[in-house]
Amino acid sequence: MDHDYRWKNAEGDGGQEPEPPKEEKPSPLMEKIQQLGQTNVPQLSQDSKIHCLTIVGQIEGHMQLPPQNKTTKYEHIIPQIVAIEQNPKIEGLLIILNTVGGDVEAGLAISEMLASLSKPSVSLVLGGGHSIGVPIAVSCDYSFIAETATMTIHPIRLTGLVIGVPQTFEYLDKMQERVVSFVTKHSNISEEKFKELMFDKGNLTRDIGTNVIGNDAVKYGLIDEVGGIGQAMKKLNELIELNKEENEGMVQ
Amino acid sequence: MILYTTMPLELVYPIAESEFAKRRTVNYEGISLIVEQDEDHAYRVIQVLSTNPAHFLDTRFQPGAKISLS
């Protein structure tokens, strides 16, 4: 796999040999020099045409989680997506998901950013893409799920202050509708099926919802294909080629 | 003790500010990194915040590597 990666990288920067590996421990003098701003510039020109965005742990919302939690922060992700959209050297984006879910609005913000990206994007769910990870997974042009990966589909919950019961219920219902409409718009699952999975009983301990495993996610139309990194990269390269052809057609 | 509540743990037991202060997001040679301060004023890399896969192969920024910030 290392070899495969290098090959792609070499293609990106015009067949240059990758830099020899750096010394294991830079001497204190080296560190001093780096402090003075004498940086090794050629190192930075190593550009890959495919960038990879990993969404791991909890998707953090407006409240900062304690440092021991593994989180994905939208204030990190969103500028990265903007940079990917702007950088002409980047031709495709691979999204790797292994998330338990998290903040609905932050998750939807990332999903909308990915869905509106003009460059080809492929998502791969490894381990888990639960809860708000579902709209992120389906937001890409093509989605993959590992055979052993799972996705939990469950109703939206709200933690915090309840002002009035009918209002809170209506607010939750609207929020849930946003997730349902996003998922059904960006995948092949029907609204009825998605809601059926969402409100199903007896699948999760002390909760309603369904835990969808790899093949089932594809069967329900939520995800496009079962696969791993190899298939995902192949598909992304295909989409990049397709995108290039389309752009060339527009110029003519 | 078992707390039966829908409230998140961090709302029930607020986290000390000092826990958050230890970690910083820095831009080091054009790469965003999450770093944690060590006892001897050096910073240890926790996470590389980059989408460029080449940055993850750079041994200088591997998680656990020590970097010094001016």
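Trainee: In which kind of crossing, right-handed or left-handed, does α6(A) pass α7(A)?

Mentor: This is a predicted model. In it, α6(A) passes α7(A) in a right-handed crossing.

Trainee: At what angle do helix α6 and helix α7 of chain A pack, and how far apart are their axes?

Mentor: Start with the angle, then the distance. Helix α6 of chain A spans residues 165-186, and helix α7 of chain A spans residues 191-198. They pack at about 130°, and their axes lie 10 Å apart. The two helices, α6(A) and α7(A), are therefore oblique to each other.

Trainee: Which residues meet there?

Mentor: Take one helix at a time. From α6(A) come A:Gln176, A:Glu177, A:Val180, A:Val183 and A:Thr184. From α7(A) come A:Glu191, A:Phe194, A:Lys195 and A:Met198. Sorted by class, this contact of α6(A) with α7(A) holds four nonpolar, two polar and three charged residues.

Trainee: How are α3(A) and α4(A) placed, roughly parallel or roughly antiparallel?

Mentor: Again, read the angle. Angles under 35 degrees count as roughly parallel. Helix α3 (residues 74-86) and helix α4 (residues 104-115) of chain A pack at about 5°, with axes 10 Å apart. That makes α3(A) roughly parallel to α4(A). On the α3(A) side, the contact uses A:Tyr74, A:Ile77, A:Ile78, A:Ile81 and A:Val82. On the α4(A) side, it uses A:Ala106, A:Ala109, A:Ile110, A:Met113 and A:Leu114. By class, α3(A) with α4(A) gives 10 nonpolar residues, no polar and no charged ones.

Trainee: What is the phi of A:Ser131, and where is this residue found?

Mentor: Phi of A:Ser131 is near 55°, a positive value in a residue other than glycine. A:Ser131 sits in the loop between β4 (121-129) and α5 (133-138) of chain A. Its relative accessibility is 22%, so A:Ser131 counts as partly exposed.

Trainee: And A:Arg206, is it buried or exposed?

Mentor: The cut-off for exposed is over 50%. A:Arg206 has 86% relative accessibility, so it counts as exposed. Its phi is near 50°, also positive in a residue other than glycine. A:Arg206 belongs to the loop between α7 and β7 (210-213) of chain A.

Trainee: How many helices and strands does chain A have?

Mentor: Chain A has nine helices and eight strands. Of its 252 residues, 42% count as buried.

Trainee: Where is confidence lowest and highest in chain B?

Mentor: Where pLDDT is low, predicted coordinates should not be read in detail. Chain B averages 84, with 99% of residues at 70 or above. Helix α1 (residues 9-12) of chain B is lowest, with a mean of 78. Strand β3 (residues 43-49) of chain B is highest, at 91. The model as a whole scores ipTM 0.81 and pTM 0.79.

Terms used. Residues are numbered from 1 along each chain as its sequence is written. Chains are lettered from A and ligands numbered from 1 in the order in which they are written. This is a predicted model: local features need pLDDT of at least 70, side-chain atom pairs count only at pLDDT 80 or more; totals for chains, interfaces and linings use all residues. Side-chain values use heavy atoms; hydrogens and water are left out. Axes are lines fitted to C-alpha atoms, for helices over the stretch in contact, and angles run from 0 to 180 degrees between N-to-C directions. Helices (H or I, at least four residues) and strands (E, at least two) are DSSP runs, numbered from the N terminus. Angles under 35 degrees count as roughly parallel, over 145 as roughly antiparallel, 65 to 115 as roughly perpendicular and the rest as oblique. A crossing is left-handed if the near helix is turned anticlockwise from the far one by less than a right angle, and right-handed if clockwise. Contact means heavy atoms within 4.5 Å. Ala, Val, Leu, Ile, Met, Phe, Trp, Tyr, Cys and Pro count as nonpolar, Asp, Glu, Lys and Arg as charged, and the others, Gly among them, as polar. pLDDT is the predictor's confidence in each residue, from 0 to 100. Buried means under 20% relative accessible area, exposed over 50%, partly exposed in between (1.4 Å probe, protein chains only).
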